[in-house]
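Thank you all for coming.

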Amino acid sequence: MTSEELNIEFLAAVDSVNEHTDAFSADFLLRLYAYYKVATNSQDQPTSRNPLIGAFKTNALFQIRDLEPDQAKEHYIEVVKLYFLYRK
C-alpha cells in the first residue's frame with residue numbers, strides 16, 4: 001500500500017469513528033487516541049480536566065512509543081475494521 005493509499009484509508013477510518021453514534025468503550029477510545037496522536041505526529045501533551053484520564057492517555061501513548069506514524073495508521077485502521085466487523 002502506498003503512503004497516499006494509507007492516508008486515504010486512515011482518514012476514512014477516522015471518519016467512520018467520528019460518525020459512529022453508539023458509545024465506544026474507554027479502552028477502545030484510549031487505543032484510538034494513542035494511535036491517532038502518533039499517526040498525526042501530534043506533539044500536544046495529553047490533557048483532561050480529570051487527572052486520572054490524563055494519566056490513562058499518557059499510559060496509552062507510552063505503550064506505543066516505538067511506533068512510526070505509518071505503523072500507527074495501520075494499527076488504527078485495523079482496530080477500527082475489527083470493531084465494526086465484530087461489534088454486533
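I will go through a salt bridge, a pocket, a loop and a surface patch.

Please keep in mind that this is a predicted model, in which local features need pLDDT of at least 70 and side-chain atom pairs count only at pLDDT 80 or more, while totals for chains, interfaces and linings use all residues. Residues are numbered from 1 along each chain as its sequence is written, and side-chain values use heavy atoms, with hydrogens and water left out.

Let me begin with the salt bridge, by which I mean a side-chain nitrogen of Lys or Arg within 4 Å of a carboxyl oxygen of Asp or Glu. The structure holds one of these, and it is formed by the side chains of Glu9 and Lys81, at 2.8 Å from N to O. This pair joins distant parts of the chain, since Glu9 sits in helix 1 (residues 3-19) and Lys81 in helix 4, 72 residues apart; helices here are DSSP runs of H or I with at least four residues, numbered from the N terminus.

The C-alpha atom of Ala13 is separated by 9.0 Å from that of Glu78, although the two residues are 65 apart along the chain.

Now to the largest pocket, which has a volume of about 190 Å³, that volume being the space filled by probe spheres set on grid points joined across faces, edges and corners. A pocket, on a 1 Å grid over the protein atoms alone, is an open set of points where a 1.4 Å probe fits, with protein on both sides within 12 Å along at least five of seven lines, and lining residues have an atom within 4 Å of a point. Among the residues lining the largest pocket are Lys37, Asn41, Asp44, Pro46 and Leu61, and the elements that give two or more residues to this lining are helix 2 (26-39) and helix 3 (51-63).

One lining residue deserves a second look. Asn41 lies in the loop between helix 2 and helix 3, and its phi is near 55 degrees, a positive value in a residue other than glycine. Most residues other than glycine have a negative phi.

The loop between helix 2 and helix 3 also contains Asn50, which is partly exposed with a relative accessible area of 34%. Asn50 and Ala26 are 24 residues apart in sequence, and their C-alpha atoms are 14 Å apart in space.

Finally, which residues make the nonpolar surface patch of about 350 Å²? They are Leu82, Leu85 and Tyr86, and of these Leu82 belongs to helix 4 (residues 69-86) and is partly exposed, with a relative accessible area of 39%.

Definitions and conventions: Patch = residues over 30% accessible without salt bridge, like charges linked within 9 Å, V, L, I, M, F, W, Y side chains within 5 Å. Areas by Shrake-Rupley, 256 points an atom, 1.4 Å probe, with all protein chains shown as cover. Buried < 20%, exposed > 50% of the residue type's maximum accessible area, 1.4 Å probe, protein only.
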